[in-house]
Amino acid sequence: MALSPAITSSDVGLRGAFAGPAPALVAYLTAGHPDRTASLEALRVAARWADVIEVGVPFSDPLADGPVIQRASRQALEGGMTVPGVLELVAEADVSRPLVLFSYLNPLLRYGLPRLMDDAAAAGVAGLLVTDLPAGSDSALEAGIAAGPLTRIPLVAPTTSVERMRAVSKLGGGFVYLISRLGVTGARARLPGDLSATVARVREATALPVAVGFGISTPEQARAAGQLADGVVVGSALVSALDAGGVAGLEELLMQLRDGLEAVL
Amino acid sequence: MASRLAPERAPDGRFGPYGGRYVPETLIPALEQLAEVYAAARTDVSFHAELDGLLTNFVGRPSPLTEARRFGAAAGAEVWLKREDLNHTGAHKINNTVGQVLLARRMGKRRIIAETGAGQHGVATATICARFGLECVVYMGAADVARQALNVFRMELLGARVVSVESGSRTLKDATNEAIRDWVGAVESTHYVIGSVVGPDPYPRMVRDFQAVIGREARAQMLQATGQLPAAVVACIGGGSNAMGIFDAFVDDTAVDLIGVEAAGEGLESGMHSASLGAGSPGVLHGSLSYLLQDDDGQVREAHSISAGLDYPGVGPEHSWLADSGRAHYYSVGDRAALDAFGELSRLEGIIPALETAHALAWVRRPATPWPEGARVLVCLSGRGDKDVALVAERAGATA
């Protein structure tokens, strides 16, 4: 696998987001959903309540996503959102929280990965998470990411061995994104029963903060996951709230999630 | 031995720069396991005995080689057809499903999923699952469910559940997305039988190896029938599994021209086509880097073809490499020419070809440059056209 990346200011900023007394709230939003104006406002609202914001780059074939984010991506693309458009949106939003660009590989490849990292950093992005670029899959691309200005966020799944978790974590920084369960993104009725054991395996592999995502949608689930991990990622539920209640609906859910996490104290 | 496997090309899953394993993290252990189990099976005599037994006694191999004299006279060449249409289930697809389901059994996986375009791969998967008593779920784009209704019913008769996929262009690309989503959620109990030489490693090389029986047989049959190798080997290309299957045995015969025929749909200039190699650029879709129909922002464009089996915006990574390296040449043929060839082979030879296959036949009928005197051409007759008869009748009615 490629060289470990250097410690950068973006890495420190991302880690710092997990330093508070309560578990961190990581909020995912699809850029350009439901339209550019609302998306801009949604990012700013999210920055009031969340510690880290994941900005989803819409893609035509989001094969790791469930119906909610599929629909949001399609809507964003139909509204004309592009990779340069995402970077402009992020720069204009100018939020004070660390931002992670969350994307499938192909739009980034098309834009040019080195250029993308420079332009994203200039727009205020701290981290990069590429859903379909698993650690060790492309040493040239991965070396380029390690040498660039963005912190690569390591992603691990319940199927990842501890040994692989160790290697994956070394290729990135900031925090580890733990996929809580098998399957695609989207709300679920309950947390997986083995989540505690999975988090323990991640902790065995790395000292980085651990954020748990996939299937967490309610304040109660956020609190339960927050008791195990250093942060929780909420995506589909926020996208749905934005769909159903506009930016006010989004803010309502963000506040409730925040309350849920504060209750862990 | 029908399934004897040659030393493997691209064991690392890369064909030049193409291929790779660009998938969500959750799937990595399953792909590693599949690659290991496949590597072990390749050198396991009992695996080959079982595979050969099924290919002989269930699929009906070897498939015959038929000279198409009247079609050849019209095309100005000596045309030989490798008759994959005579396999059980009516296409080459079953060569691969038999191999993969044997591997799934070795991995202890009792639930099988598949994507399908024209329905041939879905039928072939459902068939072998029925034989082994395995649960089978087939994802099929809603547009394809409508245009290939007969195959949907066949799959259901065979005990499979067919899931109609409503997202995106509602064709093969979207069926593949949905199959991958299923697999990510059920990877520990489920094997995903990908139907072409696409997807993450090890699929492109594994599917090629299971389909390579086509070329091995055809090469020996050509030598036996004519004493010589053909001047050209021609096959249609969607993902490209029948083409890789027949090309593989001839790759080292550098005097043999390898020709892949993509679907030009309503014409390359119309934008309504499936010619990934002819009009696409390298990109990542469904786990591998290969030529892809995409826009300037890296969004995947919708493919178009009258043939559901070719209606796919990507292509197998080994074809991308064969194209770049110049070892194989790729052309495209539109809907109308394919329909003409469909009718012509039926009338002249008494063989109704699949609409996919008709693209290869149309190219043989009108090659880029006319065939030299006495040119001998081998065509992969990848499937039979029963499934297409209703669609062709509808088109004929519409234009009459």
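**Close-up 1. Arg61(B), buried at 4% relative accessibility, and its partner Glu84(B)**. This is a predicted model. Arg61(B) falls under the 20% limit for burial, so at 4% relative accessibility Arg61(B) counts as buried. Glu84(B) is buried too, with a relative accessible area of 0%. Their side chains form a salt bridge, with N to O at 2.7 Å. Arg61(B) sits in the loop between α2 and β3 (65-67) of chain B. Glu84(B) sits in the loop between β4 (78-83) and α4 of chain B. The pair therefore ties together parts that are 23 residues apart in sequence.

Close-up 2. Glu78(B) pairs with Arg376(B). Their closest N and O atoms are 2.7 Å apart. Glu78(B) is partly exposed, with a relative accessible area of 22%. Arg376(B), at 16% relative accessibility, counts as buried.

**Close-up 3. Arg203(A) and Asp230(A) in chain A**. The two side chains meet in a salt bridge, 2.9 Å from N to O. Arg203(A) is part of helix α9 (residues 195-205) of chain A. Asp230(A) lies in the loop between α10 (219-226) and β9 (231-234) of chain A. The bridge therefore ties together parts that are 27 residues apart in sequence. Arg203(A) is partly exposed at 36% relative accessibility. Asp230(A) is also partly exposed, at 25%.

**Close-up 4. A network of salt bridges in chain B**. Five residues are named here: Arg42(B), Arg208(B), Asp209(B), Asp248(B) and Glu318(B). Salt bridges link them in a network. Over all chains, the structure holds 36 salt bridges.

**Close-up 5. Helix α5 of chain B, a mostly covered helix**. The helix spans residues 120-132, which makes 13 residues. From its first C-alpha to its last, α5(B) reaches 19 Å, close to the 18 Å expected at 1.5 Å a residue. Eleven of the 13 residues are buried. Among them are His121(B), Val123(B), Ile128(B), Cys129(B) and Phe132(B). What covers the buried residues? The cover includes helices α2 (45-59), α4 (93-106) and α7 (149-157) of chain B. Strands β5 (111-116) and β6 (135-141) of chain B also contribute. After α5(B) comes Gly133(B), with a positive phi near 70°.

**Close-up 6. The interface of chain B and chain A**. The contact takes 34 residues from chain B and 36 residues from chain A. The area buried between the two chains is about 2,700 Å². Carbon and sulfur atoms give 52% of that area. Four salt bridges cross the interface. One of them joins the side chains of Asp138(A) and Arg14(B), at 4.0 Å from N to O. Polar contacts across the interface involve 19 residue pairs. On chain B, α1 (28-42), α8 (172-186), β11 (281-285) and β12 (288-292) each supply at least two residues of the side that touches chain A. Which element gives the largest share of that side? It is α8(B), with eight residues. By class, this side of chain B has 13 nonpolar, ten polar and eleven charged residues.

Terms used. Residues are numbered from 1 along each chain as its sequence is written. Chains are lettered from A and ligands numbered from 1 in the order in which they are written. This is a predicted model: local features need pLDDT of at least 70, side-chain atom pairs count only at pLDDT 80 or more; totals for chains, interfaces and linings use all residues. Side-chain values use heavy atoms; hydrogens and water are left out. Helices (H or I, at least four residues) and strands (E, at least two) are DSSP runs, numbered from the N terminus. The expected span of a helix is 1.5 Å times one less than its number of residues. Buried means under 20% relative accessible area, exposed over 50%, partly exposed in between (1.4 Å probe, protein chains only). Contact means heavy atoms within 4.5 Å. Buried area is the accessible area (1.4 Å probe) that two parts lose on being put together, summed over both. A polar contact is a pair of N or O atoms within 3.5 Å; within protein, one must be able to donate a hydrogen and the other to accept it, and residues adjacent in sequence count only if both atoms are side-chain atoms. Ala, Val, Leu, Ile, Met, Phe, Trp, Tyr, Cys and Pro count as nonpolar, Asp, Glu, Lys and Arg as charged, and the others, Gly among them, as polar.
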